[in-house]
Amino acid sequence: MAQTQTNYSAELTSQIVEQYQAGVDVAEIATAIDKSVRSVRSKLVREGVYVAKPKVASKKVQGPTKKELLRDLENLEFDVTGFEGATKDAIERLIAHFGN
């Protein structure tokens, strides 16, 4: 039976864990040991020390949707046929213009 080669020795594993816990970026660790970021991250996950970075919340602007704006424009006796592809900003300008 062939002997399998390990990607990370016990010494290398403890080294990357120590570096990660000291605040060294995963990409820097990967470059230093000539491994991919994905490989290092996976090893840190298996060792139970990796903490995923929080995901950035979307910058969704609150307010009416395009569909709601088109409905408002339609209520102003404006034919909205063909305006489905218009931007929210353009529809808001039309509402402001015809709403006065």
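Thr13, Ile16, Val17 and Tyr20 on α1 touch Val40, Lys43 and Leu44 on α3. By class, that α1–α3 contact splits into five nonpolar residues, one polar and one charged. Bear in mind that this is a predicted model.

**α1 against α3**
- Helix α1 covers residues 10-21, and its axis comes within 10 Å of the α3 axis.
- The two axes cross at roughly 90°, so α1 and α3 sit roughly perpendicular to each other.

**α2 against α3**
- Helix α2 (residues 26-33) packs on helix α3 (residues 37-46) at an angle of about 110°, and their axes are 8 Å apart.
- Angles of 65 to 115 degrees count as roughly perpendicular, so α2 is roughly perpendicular to α3.
- The crossing of α2 past α3 is right-handed.
- From α2, the residues in this contact are Val26, Ala27, Ile29, Ala30 and Ile33; from α3, they are Val37, Val40, Arg41 and Leu44.
- Sorted by class, the α2–α3 contact has eight nonpolar residues, one charged and no polar ones.
- Val40 and Leu44 of α3 turn up in the contact with α1 and also in the contact with α2.

**The largest pocket**
- The largest pocket holds about 150 Å³ of space.
- Its lining is made up of Tyr20, Gly23, Val24, Asp25, Val26, Ala27, Val37, Arg41, Tyr50, Val51 and Lys53.
- α2 and α3 are the elements that give two or more residues to that lining.
- Seven of the lining residues are nonpolar, three are charged and one is polar.

Methods
Residues are numbered from 1 along each chain as its sequence is written. This is a predicted model: local features need pLDDT of at least 70, side-chain atom pairs count only at pLDDT 80 or more; totals for chains, interfaces and linings use all residues. Side-chain values use heavy atoms; hydrogens and water are left out. Axes are lines fitted to C-alpha atoms, for helices over the stretch in contact, and angles run from 0 to 180 degrees between N-to-C directions. Helices (H or I, at least four residues) and strands (E, at least two) are DSSP runs, numbered from the N terminus. Angles under 35 degrees count as roughly parallel, over 145 as roughly antiparallel, 65 to 115 as roughly perpendicular and the rest as oblique. A crossing is left-handed if the near helix is turned anticlockwise from the far one by less than a right angle, and right-handed if clockwise. Contact means heavy atoms within 4.5 Å. Ala, Val, Leu, Ile, Met, Phe, Trp, Tyr, Cys and Pro count as nonpolar, Asp, Glu, Lys and Arg as charged, and the others, Gly among them, as polar. On a 1 Å grid over the protein atoms alone, a cavity is a set of points where a 1.4 Å probe fits but cannot get out, and a pocket is an open set with protein on both sides within 12 Å along at least five of seven lines; lining residues have an atom within 4 Å of a point. Grid points are joined across faces, edges and corners, and a volume is the space filled by probe spheres set on the points.
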